[in-house]
Amino acid sequence: PDTHETVVFSLFFYGGFSLPTSSFFRGILDFYGISLHHLNPNSIVHIANFIYVCEAFLGIRPHFALFRRMFF
(Lines give C-alpha, C1' and ligand atoms only; values in the text may rest on other atoms or scores of the structure.)
Protein backbone atom coordinates (compact mmCIF):
# COMPACT_ATOMS: atom_id res chain seq x y z
CA PRO A 1 0.00 0.00 0.00
CA ASP A 2 0.93 3.63 -0.39
CA THR A 3 1.71 5.65 2.71
CA HIS A 4 -1.82 7.06 2.78
CA GLU A 5 -3.51 3.65 2.54
CA THR A 6 -4.42 1.19 5.30
CA VAL A 7 -4.89 -2.52 4.67
CA VAL A 8 -7.72 -4.09 6.68
CA PHE A 9 -9.83 -7.21 6.52
CA SER A 10 -13.46 -6.59 5.58
CA LEU A 11 -14.58 -8.97 8.36
CA PHE A 12 -13.26 -6.46 10.93
CA PHE A 13 -15.92 -4.01 9.77
CA TYR A 14 -18.68 -6.61 10.13
CA GLY A 15 -17.54 -7.03 13.72
CA GLY A 16 -17.96 -3.32 14.40
CA PHE A 17 -14.37 -2.12 14.02
CA SER A 18 -13.38 0.98 12.12
CA LEU A 19 -10.08 2.49 11.07
CA PRO A 20 -7.90 3.67 13.96
CA THR A 21 -8.29 7.38 14.51
CA SER A 22 -6.26 7.67 17.69
CA SER A 23 -2.74 9.02 17.35
CA PHE A 24 -1.75 6.69 20.19
CA PHE A 25 -3.01 3.67 18.21
CA ARG A 26 -1.12 4.77 15.10
CA GLY A 27 1.95 5.36 17.27
CA ILE A 28 1.83 1.77 18.50
CA LEU A 29 1.57 0.49 14.95
CA ASP A 30 4.49 2.69 13.87
CA PHE A 31 6.67 1.74 16.87
CA TYR A 32 6.32 -1.97 16.26
CA GLY A 33 6.47 -1.56 12.47
CA ILE A 34 3.19 -3.33 11.88
CA SER A 35 -0.05 -2.57 10.07
CA LEU A 36 -3.62 -3.01 11.19
CA HIS A 37 -3.97 -6.29 9.30
CA HIS A 38 -1.22 -7.81 11.46
CA LEU A 39 -3.46 -7.56 14.52
CA ASN A 40 -6.37 -9.82 15.34
CA PRO A 41 -9.61 -8.35 16.70
CA ASN A 42 -8.69 -9.22 20.30
CA SER A 43 -5.45 -7.24 20.06
CA ILE A 44 -7.34 -4.24 18.74
CA VAL A 45 -9.80 -4.48 21.63
CA HIS A 46 -6.94 -4.61 24.18
CA ILE A 47 -5.42 -1.43 22.76
CA ALA A 48 -8.82 0.30 22.58
CA ASN A 49 -9.59 -0.70 26.17
CA PHE A 50 -6.26 0.68 27.35
CA ILE A 51 -7.01 4.00 25.64
CA TYR A 52 -10.48 4.06 27.20
CA VAL A 53 -9.20 3.31 30.71
CA CYS A 54 -6.58 6.05 30.48
CA GLU A 55 -8.98 8.68 29.20
CA ALA A 56 -12.17 7.79 31.09
CA PHE A 57 -11.01 6.39 34.43
CA LEU A 58 -7.50 7.71 35.00
CA GLY A 59 -8.14 11.08 33.37
CA ILE A 60 -4.83 11.05 31.49
CA ARG A 61 -3.79 10.81 27.88
CA PRO A 62 -2.66 7.29 26.91
CA HIS A 63 1.07 7.01 27.52
CA PHE A 64 3.23 4.54 25.63
CA ALA A 65 5.52 3.82 28.61
CA LEU A 66 2.48 2.83 30.68
CA PHE A 67 1.21 0.65 27.85
CA ARG A 68 4.57 -1.13 27.58
CA ARG A 69 4.69 -1.56 31.35
CA MET A 70 1.26 -3.18 31.45
CA PHE A 71 1.55 -5.26 28.26
CA PHE A 72 4.96 -6.86 27.90
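1. Buried means under 20% relative accessible area, exposed over 50%, and partly exposed in between (1.4 Å probe, protein chains only). The model is predicted: local features need pLDDT of at least 70, side-chain atom pairs count only at pLDDT 80 or more, and totals for chains, interfaces and linings use all residues. Residues are numbered from 1 along each chain as its sequence is written, and side-chain values use heavy atoms, leaving out hydrogens and water.

2. Helix α3 has 18 residues. Helices are DSSP runs (H or I, at least four residues), numbered from the N terminus. From first C-alpha to last, α3 reaches 24 Å, close to the expected 26 Å. The expected span is 1.5 Å times one less than the number of residues.

3. Ile-44, Ile-47, Phe-50, Ile-51 and Cys-54 of α3 are buried. Their cover includes α1 (10-14), α2 (23-32) and α4.

4. Phe-57 also lies in α3 (residues 41-58). Phe-57 counts as exposed because its relative accessibility is 63%. Just after α3, Gly-59 takes a positive phi of about 70°.

5. Phe-71 lies in the segment after α4 (64-70). Its relative accessibility is 36%, so Phe-71 counts as partly exposed. Beyond its neighbours within four places in sequence, Phe-71 is in contact (heavy atoms within 4.5 Å) with His-46 and Phe-50. Phe-50 is one of the buried residues of α3.

How values were computed: Helix = DSSP H or I, 4+ residues; strand = E, 2+ residues; numbered from the N terminus.
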